[in-house]
Amino acid sequence: MEQNKIPQATAKRLPLYYRFLNNLHHQGKLRVSSKELSEAVKVDSATIRRDFSYFGALGKKGYGYNVEYLLGFFRKTLDQDELTEVALIGTGNLGTAFLHYNFMKNNNTKIMMAFDANPDKVGKDIGGVPIYHIDDLEKKINGVQVAILTVPAAAADGITNRLVDVGISGILNFTPARITVPDSVRVHHIDLAVELQSLVYFLKHYPLDTEE
Ligand code: ATP
C-alpha cells in the first residue's frame, strides 16, 4: 500500500497539516508556501518539504504548494472519506467533555455510543450520543473500530480485555493505566496529568530562547 511508504514521524504530522490546509481552503486560498506552513504548524520548513515529497507534492519556488492537491491527498490518506465509528467508555467529567466536542470538524470520526457502569447515567444521552450499560458492551458495540477509554484506571484492564475480544482495532487510552493488548490492536496513550507536568518541567528546566 502506498501509505506504508510514509515514515511514521511524517504520518504523525499529517492531521496537523490537514487541519491547517483545511482552514486555508475555507479561506479560499489556492497555494501555500512551506514558510507560511512552517510558521503556522511550528514544524521547520525543511521537514515540511521532506514530508510533502512523500505525498508526491512538489512545491514550486515562489509559488508554493497547491492546497487542493494536498487536501485531496490527506483526505485519502487519513481516511477522511470513510467514517470511523468510535465508542467512548466512561462518561465522567472527561468523557462527557468528549461527547460534547465536535470531532467531525476536522476528522471523519464519530462517537456513536458511550458506556458507563453508573445506572444514573445509563439510558440517557449526552451530546446526542446514547449511553448504554457497560454490561451490554458486547451486545451494542457491533462495527465500532475505535474506543476511547475515560474510566478510572482500575477499570481499564477489564474493559480492555473485553474490547479486544470483540475485535476493536484501536484504543485511545486516557487512563493512567498501561494496558496490555495483542499486537493486532493499536493503543495510543494520553495521560493529561503527565503531559501537563512535563510541560511545566520543560518550562522550568529548558527555558525557551526568546532572543531569536
Ligand atoms: P464523575 O464525577 O462523573 O464520576 P469522574 O471523571 O470524576 O466523573 P471517574 O471516577 O474518573 O469519574 O469515572 C469516570 C466514569 O467512568 C464515571 O462516569 C464512572 O461511572 C465510569 N465507570 C467507572 N467504572 C466503570 C466501569 N467498570 N465500566 C464503565 N464505566 C465505569
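This is a predicted model: local features need pLDDT of at least 70, side-chain atom pairs count only at pLDDT 80 or more; totals for chains, interfaces and linings use all residues.

Biologist: How many bridges join β4 to strand β6?

Modeller: There are 3 bridges between β4 and β6 (residues 129-133), and the two strands run parallel. Ala114 also has a partner in another strand: Leu88 is bridged to Ala114 of β4.

Biologist: In which sense do β3 and β4 pair?

Modeller: Strand β3 (residues 84-89) and strand β4 (residues 109-116) pair in the parallel sense, over 6 bridges. Besides the bridge from Leu88 to Ala114, there is one from Val86 to Ile111 in β4.

Biologist: Which residue in β7 is the bridge partner of Ile89?

Modeller: Leu149 is the partner of Ile89. The pairing of β3 with β7 (residues 146-149) is again parallel and has 4 bridges.

Biologist: What is the order of the strands in the sheet?

Modeller: Read across the sheet, the order is β5-β6-β4-β3-β7-β8-β9. The sheet is open, has 7 strands and shows mixed pairing. At its edges are β5 (125-126) and β9 (186-189), each of which pairs on one side only.

Biologist: Which strands does helix α5 touch?

Modeller: Helix α5 (residues 93-100) packs on the sheet and touches β3, β4, β5, β6 and β7. The direction of α5 makes about 150° with that of β4.

Biologist: Now the helix pair. What describes two packed helices?

Modeller: Two numbers are used: the angle between the axes and the distance between them. Here, the axes of α1 (residues 8-26) and α4 (residues 67-77) come within 10 Å and cross at roughly 135°.

Biologist: Why are α1 and α4 called oblique to each other?

Modeller: Their crossing angle is roughly 135°. Roughly antiparallel would need an angle over 145 degrees, and roughly perpendicular one of 65 to 115, so α1 and α4 count as oblique. The crossing of α1 past α4 is left-handed.

Biologist: Which residues make the contact?

Modeller: From α1 they are Leu14, Tyr17, Tyr18, Leu21, Asn22, Leu24 and His25. From α4 they are Val67, Leu70, Leu71, Phe74 and Thr77. Sorted by class, the contact has 9 nonpolar residues, 3 polar ones and no charged ones.

Biologist: Into which domains is the chain divided?

Modeller: Domain 1 covers 2-76 and domain 2 covers 84-195. Their C-alpha centres lie 31 Å apart.

Methods. Residues are numbered from 1 along each chain as its sequence is written. Two strands pair if DSSP finds at least two bridges between them. Domain bounds come from an automatic or database domain assignment. Axes are lines fitted to C-alpha atoms, for helices over the stretch in contact, and angles run from 0 to 180 degrees between N-to-C directions. Angles under 35 degrees count as roughly parallel, over 145 as roughly antiparallel, 65 to 115 as roughly perpendicular and the rest as oblique. A crossing is left-handed if the near helix is turned anticlockwise from the far one by less than a right angle, and right-handed if clockwise. Two residues are in contact if their C-beta atoms, placed from the backbone, lie within 7 Å. Ala, Val, Leu, Ile, Met, Phe, Trp, Tyr, Cys and Pro count as nonpolar, Asp, Glu, Lys and Arg as charged, and the others, Gly among them, as polar.
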